[in-house]
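Hi everyone, thanks for making time. I'd like to walk you through one structure today, so please have the viewer open.

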Amino acid sequence: MPHIAIISASVRIGRVSHRVALYFKRFIEENSIGTAEILDLNAYQFPVFNERLKYQSNPTPQVLEFADKIVKADGVIIVTPEYNGGYPASIKNVVDLLYAEWQRKPVGIATVSDGNFGGTQVITSLLFSLWKIRAWVITAQFPVPNADESFDEAGNATNKAVTDKRANAYLKEMLWCIDAKMKMQG
Ligand SMILES: Cc1cc2nc3c(=O)[nH]c(=O)nc-3n(C[C@H](O)[C@H](O)[C@H](O)COP(=O)(O)O)c2cc1C
């Protein structure tokens, strides 16, 4: 079974997008799609980037743990809010921190906002940075509009049938990429 790491990018007090990370974890596990864990950037509280991990002489155990979890994940879902038409600094912080760890890693973007457009303005900028670092960004999108009404605090979708259908289609693309990569590696 593939292992999916879900990066919950918001470190904002009272954040809402974390609900979407909770939803994905449960959806993946309950449907036996794979194993899943949340890499919570609010729990890690990484300092603002000052050098890539490979050039750090004395990396913290938390940075090493995060890097190891990205390496071991067969796929990564980034759940990110939209702030002023872009992604929060917290996610760029960890994109820049690693290097080889991202390369050819199947990565899905899930954008969240409390407006009608589901944070979709994040996609092009985050996609470009992930492409630059040679991650393998899946083509499926998972925009979440009206986040506070769409999910409760435990990550339950208000409209479960519709949300599950979308999640299934989204994860199908990720699984295709994971499977293709595994075949290439023999
Ligand atoms: C600094 C800031 C900027 C925001 N800019 C946008 C925006 O450009 N577009 C949008 O749809 N929502 C915007 N929002 C609303 C967020 O989408 C909403 O607060 C959402 O819940 C953020 O995710 P979070 O709660 O996990 O931090 C902004 C919120 C903050 C705090």
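Let's begin at Asn146, which you will find in the loop between strand 5 and helix 6 (147-150). Asn146 is not a glycine, and yet its phi is positive, at about 45 degrees. Do keep in mind that we are looking at a predicted model, so these angles are computed from predicted coordinates.

Arg134 sits in the loop between helix 5 (122-132) and strand 5.

Since strand 5 has come up, let's turn to the sheet. Five strands form an open sheet in the order 2-1-3-4-5, and their pairing is parallel. Which strands stand at the edges? They are strand 2 (35-40) and strand 5 (136-141); each has a single partner strand, so one side of each has no neighbour in the sheet. On average, neighbouring strands here are turned by 25 degrees against each other, ignoring direction.

For a look inside the sheet, take strand 3, residues 75-81, and strand 4, residues 106-112: they pair in the parallel sense over six bridges. If you want a landmark for that pairing, Val79 stands opposite Ala110 in strand 4.

Now the helices against the sheet. Helix 3, residues 61-72, packs on the sheet and touches strand 1, strand 2 and strand 3, and its direction makes about 150 degrees with that of strand 2. Helix 1, residues 18-30, lies across strand 1 (3-8), strand 2, strand 3 and strand 4. Relative to strand 2, helix 1 runs at about 165 degrees.

Stay on helix 1 for a moment, for the charges. Side chains of opposite charge can pair when their charged atoms come close. Glu29 and Lys25 give us an example, with their side chains meeting in a salt bridge at 2.7 Å, N to O. Glu29 and Lys25 are four residues apart in helix 1, which means about one helical turn separates them. The model's salt bridges come to nine by count.

Last stop, the largest pocket, with about 210 Å³ of space. How many residues line the largest pocket, and which lie nearest its centre? The lining has 13 residues, and nearest the centre are Arg12, Val16, Pro81, Ser113 and Asp114. Sorted by class, the lining is five nonpolar, three polar and five charged residues.

That's my tour; happy to take questions.

Technical notes. Residues numbered from 1 in each chain as written. Predicted model: local features only at pLDDT ≥ 70, side-chain atom pairs only at ≥ 80, totals over all residues. Heavy atoms only, no water. 1 Å grid on protein atoms, 1.4 Å probe; cavity = no way out; pocket = protein on both sides within 12 Å on 5 of 7 lines; lining within 4 Å. Points joined across faces, edges and corners; volume = space filled by probe spheres on them. Nonpolar A, V, L, I, M, F, W, Y, C, P; charged D, E, K, R; others polar. Pairing = 2+ DSSP bridges. Helix = DSSP H or I, 4+ residues; strand = E, 2+ residues; numbered from the N terminus. Axes fitted to C-alpha atoms, helices over the stretch in contact; angles between N-to-C directions. Contact = heavy atoms within 4.5 Å. Salt bridge = Lys/Arg side-chain N within 4 Å of Asp/Glu carboxyl O.
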